[in-house]
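Here is my note on the model you sent.

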2 protein chains.
Amino acid sequence: MGKKAAYKVLVVDDEEPILELLKYNLEKEGYEVKAALNGHLGVDIARKFKPDLVLLDIMMPHMDGVEACRQLRAMPDLVDTFIVFLTARSEEYSEVAAFDVGADDYITKPIKPRALMSRISALFRRDTKGKTTTSQITVGDLIIDRSSYTIKVKGKEINLPKKEFELLFFLAQNPNKVFSRDDLLQNIWGSDVYVLARTVDVHIRKVREKIGDDYITTVKGVGYKFNLI
Amino acid sequence: MGKKAAYKVLVVDDEEPILELLKYNLEKEGYEVKAALNGHLGVDIARKFKPDLVLLDIMMPHMDGVEACRQLRAMPDLVDTFIVFLTARSEEYSEVAAFDVGADDYITKPIKPRALMSRISALFRRDTKGKTTTSQITVGDLIIDRSSYTIKVKGKEINLPKKEFELLFFLAQNPNKVFSRDDLLQNIWGSDVYVLARTVDVHIRKVREKIGDDYITTVKGVGYKFNLI
DNA sequence: TACTCAGATTAAGGATTTGTTAAGACCCTG
DNA sequence: CAGGGTCTTAACAAATCCTTAATCTGAGTA
């Protein structure tokens, strides 16, 4: 799996073994993880860490999950954060109570790592779906369609490899704007991927080879841009 | 749909009193009823329950009715399911939006139980009469028939196992659109089944073996798509 | 003209993703 | 409970993509 900008996950549970289990699995999936041993600490960490997802045990000393959730929900920075409760099947909290304080999901222990990871990635997938940018861009005789990962040049359909497609799509989305190689790396490769800036040249070359030289212009000393004619 | 087995109805509304009212009346009429307090739960329950009818409040916390409907419509098991929106007259959602995401009907609150029950039974009556559901897809020399779980390739009829069929059917229903392995697992296996993503590969392979390599394309790093030629 | 610098091009390897096969688990049905 | 079919996993092979490094071009300039 290519690494994207890592989602941040905060895990709050008073049992250390569970904390470690979760941390280990989440990091293996490429998430950036912080852990807290009780609700109080969790809220404190969340304030600075601004996680995208909080896994929250319901039963804890020093502030239980429900109260912690209430406080998290009150932080403006966390409006887009997912909060998921962890709870033993035997515990008496009802789902209703959990959703009442603003939880987004509800997972019962014992935790099966694979299942949990799958649910989490589904959560984020749904998230990004909502704010999908326009999935099709048309410029002259060039049609770029994100949903099918194909482009059409003069009626001829071409399949682009992922990186090339992302690169073209990104540039075309911001026409006439020049991006430095670093900008492009940042936006397409992600902030935590380190590759040489020259790599961009190669991809640009390949894209040009497929769509022609007219669409992407080099601005010497600066970068590349997609030109709207 | 079987005529002996009771029709299954799922009611999704965030107001408990309404939920109870509907549940009571529907059960009195002999339907098998499940209830959910928000769209999120509704979608989860629907996946397993496979209702014949979903009554869906439009305004709800944790996923509104429109989004829930969209997700319900994406489930292969629910192709024959009726989806009916419930809405207060004052609410701003337009009928158009509702029908856009695949709603079958539209009922305004306050709900009059007798009227609603009559409308529902009318719905099912209509169903059993003209059950020429469009559960058949034809693409080139490929015919996919849901009612018999059978496909025809170049006149030759083939019986597909369930998973392979669902996979092909789902892809063919959204032609030219790329789905990640996770998307496919989510939609075909369900959100509560945790299977390795690579399992999809194997099923793809088997489907290709039976229908040929031309219909399903791999988009490396992204997923698979069914291509309309 | 020759030099320099930035970008263009190319090819090779390494890395990653997908294809393919097979084995075991599971579930029906006879 | 044996046999056939299905589903999932694991392991290895194959494909292809990505990155790097090395070399080439061409414009600007001394």
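1. Terms for the sheet come before the details. Two residues are in contact if their C-beta atoms, placed from the backbone, lie within 7 Å. Axes are lines fitted to C-alpha atoms, for helices over the stretch in contact, and angles run from 0 to 180 degrees between N-to-C directions. Helices (H or I, at least four residues) and strands (E, at least two) are DSSP runs, numbered from the N terminus.

2. Next, the basis. This is a predicted model: local features need pLDDT of at least 70, side-chain atom pairs count only at pLDDT 80 or more, and totals for chains, interfaces and linings use all residues. Residues are numbered from 1 along each chain as its sequence is written, while chains are lettered from A and ligands numbered from 1 in the order in which they are written.

3. Chain A overall. It has 8 helices and 11 strands. Of its 229 residues, 30% count as buried (20 or more other C-beta atoms within 10 Å of a residue's own; exposed means 12 or fewer, partly exposed in between; C-beta atoms are placed from the backbone). Take the contacts in chain A between residues at least 6 apart in sequence: 57% join residues at least 24 apart.

4. The sheet. Chain A has an open sheet of 5 strands in the order E2-E1-E3-E4-E5, with parallel pairing (DSSP finds at least two bridges between paired strands). Strand E2 (32-36) and strand E5 (105-109) of chain A are the edges, each pairing on one side only. From one strand to the next, the twist averages 20 degrees. Strand E4 (residues 82-88) of chain A is joined to E5(A) by 5 bridges, and the two run parallel. A:Ala88 stands opposite A:Lys109 in E5(A).

5. Helices on the sheet. Helix H2 (residues 39-49) of chain A touches strand E1 (8-12), E2 and strand E3 (53-57) of chain A, and its direction makes about 165 degrees with that of E1(A). Helix H3 (residues 65-73) of chain A lies across E1, E3 and E4 of chain A, at about 155 degrees to E3(A).

6. The chain A-chain B contact. Here 16 residues of chain A are in contact with 15 residues of chain B. On the chain A side, helix H4 (95-100) and helix H5 (113-130) each supply at least two residues. H5(A) gives the largest share, 6 residues. By class, this side has 6 nonpolar, 5 polar and 5 charged residues. Nonpolar means Ala, Val, Leu, Ile, Met, Phe, Trp, Tyr, Cys and Pro; charged means Asp, Glu, Lys and Arg; the others, Gly among them, are polar.

7. The largest nonpolar core. Such a core is a set of buried Ala, Val, Leu, Ile, Met, Phe, Trp, Tyr and Cys residues joined through C-beta atoms within 7 Å. This one has 42 residues, and A:Leu168, A:Leu171, B:Leu168 and B:Leu171 touch the most other members. A:Leu171 is found in helix H6 of chain A. Why does A:Leu171 count as buried? Because 27 other C-beta atoms lie within 10 Å. Its C-alpha atom is separated from that of A:Leu184 by 8.6 Å.

8. DNA strand D. It is surrounded by 22 residues (C-beta atom, placed from the backbone, within 6 Å of the strand). The closest are A:Lys163, A:Leu196, B:Pro161, B:Lys163 and B:Leu196. H6 and H8 of both chain A and chain B give two or more residues each.
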